[in-house]
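User: I have a protein model open and would like to work through it step by step. Can we start with the whole chain and then zoom in?

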Amino acid sequence: MTTTPDMFETGIREAEPAYVDVDSVELRLGADSLVWKFYGDVRGILGFQRLAGTENCIEQLAQGVEDHSVIFSDFLGRARRSGPPIMRTVYSDRPHEWGRRVRDFHRDIKGSISDGSRYHALNPELYYWAHATFVDQVLYITDTFIRRLSYEEKVQIFEESKTWYQLYGVSARSQPQTYDEFVAYWESMCDKFVPTRTIVYATGYLRKGVPGPSWMPKPLWRIVGAPLNAVLRTVFIGTLPPQMREVCDLPWDARRQRRFDRFAATMRALNPLFNRLPVRLLYTPWAAEGWQRTGVDPRRLHNRPEKATA
């Protein structure tokens with residue numbers, strides 16, 4: 001079924017969960033997949049703001065975070081608690097168990113948004129959007145900071161993402177069916193971005209700078225912290241879709257773009273050196289555990305695209 005932008009607007013208003021039963025234990029990703037190769041790479045941290053930010057620029061999802069999360073009191077703690085279960089859905093030997101656990105975290109996340117309409121985290125349109133930001137992370141971070149992906153590889157990652165989504169046991173009625181549809185879907189969703197309270201808060205450090213340690217005088221931190229804040233702004237704002245920069249009031253121009261492009265090109269040039277690191281340093285703990293369990297060395301896999309990037 002072809003996905004259209006109106007499907008989100010129509011489906012999201014239902015605000016009802018839609019579970020599906022997935023009984024096949026054969027349904028899983030493995031060491032031969034590109035998602036395994038790239039999702040758990042530690043360079044994914046460079047896309048942290050893109051991942052968390054794009055999710056929370058959609059009002060229903062941001063409201064769910066605001067109503068049911070501790071993001072405003074424990075931002076990093078929330079990230080540490082939500083990230084590992086999703087990693088284990090991909091890399092563990094019990095992906096169904098972890099997928100259902102991630103889904104069930106969201107059973108009671110529901111409420112209403114500013115126009116009075118209801119939302120539910122397990123509504124397929126909303127849940128798929130959250131998943132799409134992880135698919136985008138694999139595609140974008142790999143192509144930007146690790147190595148260029150061919151069109152065929154992008155298609156493969158998208159097709160593997162369907163299996164990944166199935167593991168959660170939520171209806172896929174709003175899921176694009178092809179990679180090209182996914183690209184169109186992504187752009188249509190970015191056009192729906194609004195400056196939610198959650199995302200304005202979460203990007204505050206990019207506008208105001210990272211707060212210094214409590215023991216350091218603020219005037220001194222403004223000097224000492226200036227290089228750090230400059231790097232964070234270049235790298236993290238550079239990863240964001242233009243629509244998100246606009247709604248978050250994050251300045252960007254051609255000069256900043258050139259700096260970002262140079263940084264990204266340097267990271268890609270360093271990829272052969274990264275591939276010499278021990279697996280436990282190149283991958284997150286949950287991914288490294290998966291590679292160790294399978295006995296496969298990921299550093300030797302998929303290091304060159306089969307064809308030029310489309």
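User: What percentage of the 310 residues of the chain count as buried?

Analyst: Keep in mind that this is a predicted model. A residue counts as buried when its relative accessible area is under 20%. Of the 310 residues in the chain, the share that passes this test is 51%.

User: Which radius of gyration does the chain have, and what would a compact globule have?

Analyst: Start with the span of the C-alpha trace, about 60 × 50 × 40 Å along its principal axes. For 310 residues, a compact globule would come out near 19 Å. The chain agrees with that, at 20 Å.

User: How many helices and strands does the chain have?

Analyst: Helices need at least four residues here, and strands at least two. Counted that way, the chain has 18 helices and two strands.

User: Why is helix H3 described as largely enclosed by the rest of the structure?

Analyst: Helix H3 covers residues 48–55. Its buried residues are Gln49, Arg50, Leu51, Gly53, Thr54 and Glu55. H3 is largely enclosed because the buried count is six of the eight residues.

User: Is Val224 buried or partly exposed?

Analyst: Val224 lies in helix H12, residues 218–224. Its relative accessible area is 43%. Buried would need under 20%, and exposed over 50%. So Val224 is partly exposed.

Methods: Residues numbered from 1 in each chain as written. Predicted model: local features only at pLDDT ≥ 70, side-chain atom pairs only at ≥ 80, totals over all residues. Heavy atoms only, no water. Buried < 20%, exposed > 50% of the residue type's maximum accessible area, 1.4 Å probe, protein only. Rg over C-alpha atoms; globule rule 2.2 N^0.38 Å.
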